[in-house]
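Good morning, everyone. Please look at the structure on the screen while I talk you through it.

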Amino acid sequence: MTQPPITLIGAGLVGALLAQQLAQRGFAVEVFEKRPDPRQTGSFVAGRSINLALAERGLQALRAAGLADEVLRHAVMMRGRMVHARDGDSGLQRYGVDDSEVIWSVSRGALNRLLLEAAEAAGVRFHFDQSLIAADFDRRRIRLADVAGAERSLAFHRLIGADGAGSAVRAAMNGHAPLGERIEPLGHGYKELEIPPAHELPAAVIKPGGGHDHFALEPHALHIWPRGGYMCIALPNTEGSFTVTLFLPNQTPPDATRHAQEATPSFAGLPDAATAAAFFREQFPGLLPLIPRFAEDYGSNPVGQLATLYLDRWHLDGRALLIGADGAGSALRAAMHAHAPLGERVEPLGHGYKELEIPVAGELPATAQQLNGGRDQYALEPHALHIWPRGGYMCIALPNIEGSFTVTLFLPGQGSAPSFATLPDARAAAALFNEQFPGLLPLIPRFDADWDNHPVGSLSTLYLDRWHVGGRALLVGDAAHAIVPFHGQG
């Protein structure tokens, strides 16, 4: 059976991977991309998410495309977060117990080029330097323009938009029939800088653990310099450099006090490389010497914006679709299932969870703090995932950067003892903690408020036999197959 042709807008990571998967299933796919072909130019858009952290979910998608092994050959393993304090101390917080539980730093440009090659090999036809400027959904025609401004009109059967947060397809669909679009700016932006390979730096500035395989820092970590309302991160690249990203508020609130304005830097307050370098000397003193081209990078690379996009609708019947994922509680999946059963099976695990909090050590009496606690404002040893196993149930605690811990109680939902059904209020729950977790309860001074205010979350596995409705709608991610998120998370 011949599959209907598909027109796809956007040849980035999602567009190229989707095009390859569709072509392998017999669809005739044409892709139009406004940028030039990165395989020809040999470059990627500077200052815009140069690399990314690849976790198990992304690897699973690449395995489906037969590309995981090739991608990992061009990636750098990151075993955990290397957290850098203002005083120069640093420590590694591992993601897992060994090197089977890691994430990977990969060049976005290199990954994009690899996906384009794989899609072309599967029969996808790409057209670069082609911007979507209009779409007539009633006549099923799109209008494109090249870099010289020359326009042409093409027919489409089904149109898929994979053209990112500034999607031209979304804008055209919204103009045809409102999608319920809402954009919430996060108030922060980001700017990318670069630490070059170690051989380009004086030996005196290379950090402990650096100088290994041409890296100026420990290569097998995602480096973080947390500073409250802002931070820097650095991800390793295969040739020995690091991509550094500064996350900072765009503006300081106009009604903030002078002290608050001084304590809350912003991109508006760092208009040029000189003021930014002064800021780095104060807040990231060990990082600035590793960025010899700081002035050039800061002056040339743009400030990227961060926002959350919401849509009530992702498609126009069978004519156009925006791909994305709306999670395990997918409203799109429910609508698709009502139209045509998807073979949905949800297997409850029988357990639920409730979150509590251990505050910073300064809010607790000294007698409540545990051995190795009270260090760096933590009431427990900070560089560990704490577990209190009790057979069929348990508590865990994960450290947060400001000194608190998030405690999660996993407990059967029903049953005689103990279960959430047998703990109807904070008093009954405190009695359980006194008996089963006696050393933990004194660390949670707001136990009653946390117990009463925080809901019991549910745990289950979701299976679907089908992830699409003909050519009209598609589910990806947790909307299509949700699992308990304990493995492969960065």
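Start with the open sheet of seven strands. Its order is β6-β5-β14-β15-β16-β13-β17, and the pairing is mixed. Keep in mind that this is a predicted model. Which strands stand at the edges? They are β6, residues 90–94, and β17, residues 304–310. Each has a single partner strand, so one side of each is left without a neighbour in the sheet. From one strand to the next, the twist averages 25°.

Now go inside the sheet, to β14. This strand covers residues 222–226. Are its residues buried or exposed? Five of its five residues are buried. Look at where the side chains go. Leu222, Ile224 and Pro226 point one way from β14. His223 and Trp225 point the other way. Both groups are buried.

Next, the partners of β14. One is β5, residues 80–84, which pairs with β14 in the parallel sense over three bridges. Find Met82 there: it stands opposite His223 in β14. Another partner is β15. Here the two strands run antiparallel, joined by four bridges. Ile224 stands opposite Ile233 in β15.

Strand β15, residues 231–236, pairs with β16, residues 242–249. That pairing is antiparallel too, over six bridges.

On to charges. How many salt bridges does the structure hold? The count is 19.

First up, Asp99 and Arg94. Their closest N and O atoms are 2.9 Å apart. Asp99 has a relative accessible area of 35%, so it is partly exposed. Arg94 is at 39%, so it also counts as partly exposed.

Then Asp138 and Arg319. Their side chains meet in a salt bridge at 3.4 Å, N to O. This pair links distant parts of the chain, 181 residues apart. Asp138 sits in the loop between β9 and β10. Arg319 sits in the loop between β18 and β19. Are the two ends buried or exposed? Asp138 is exposed, with a relative accessible area of 63%. Arg319 is buried, with 15%.

Salt bridges that share partners join Asp37, Arg39, Glu117 and Glu120. Within it, Asp37 bonds to Arg39 in a salt bridge, with the closest N and O atoms 2.9 Å apart. Asp37 is at 11% relative accessibility, so it counts as buried.

What about the surface? Leu385, Ile387 and Leu398 make a nonpolar patch of about 270 Å². Ile387 lies in strand β21, residues 386–389. Its relative accessibility is 49%, so Ile387 counts as partly exposed. The cut-off for exposed is over 50%.

Last topic: cysteines. A disulfide is a covalent bond between the sulfur atoms of two cysteines. How many disulfides are there here? The count comes to zero, where a pair of sulfur atoms must lie within 2.5 Å. Two cysteines to look at are Cys232 and Cys395. Cys232 is at 0% relative accessibility, so it counts as buried. Cys395 is buried too, also with 0%.

Notes
Residues numbered from 1 in each chain as written. Predicted model: local features only at pLDDT ≥ 70, side-chain atom pairs only at ≥ 80, totals over all residues. Heavy atoms only, no water. Pairing = 2+ DSSP bridges. Axes fitted to C-alpha atoms, helices over the stretch in contact; angles between N-to-C directions. Patch = residues over 30% accessible without salt bridge, like charges linked within 9 Å, V, L, I, M, F, W, Y side chains within 5 Å. Areas by Shrake-Rupley, 256 points an atom, 1.4 Å probe, with all protein chains shown as cover. Salt bridge = Lys/Arg side-chain N within 4 Å of Asp/Glu carboxyl O. Buried < 20%, exposed > 50% of the residue type's maximum accessible area, 1.4 Å probe, protein only.
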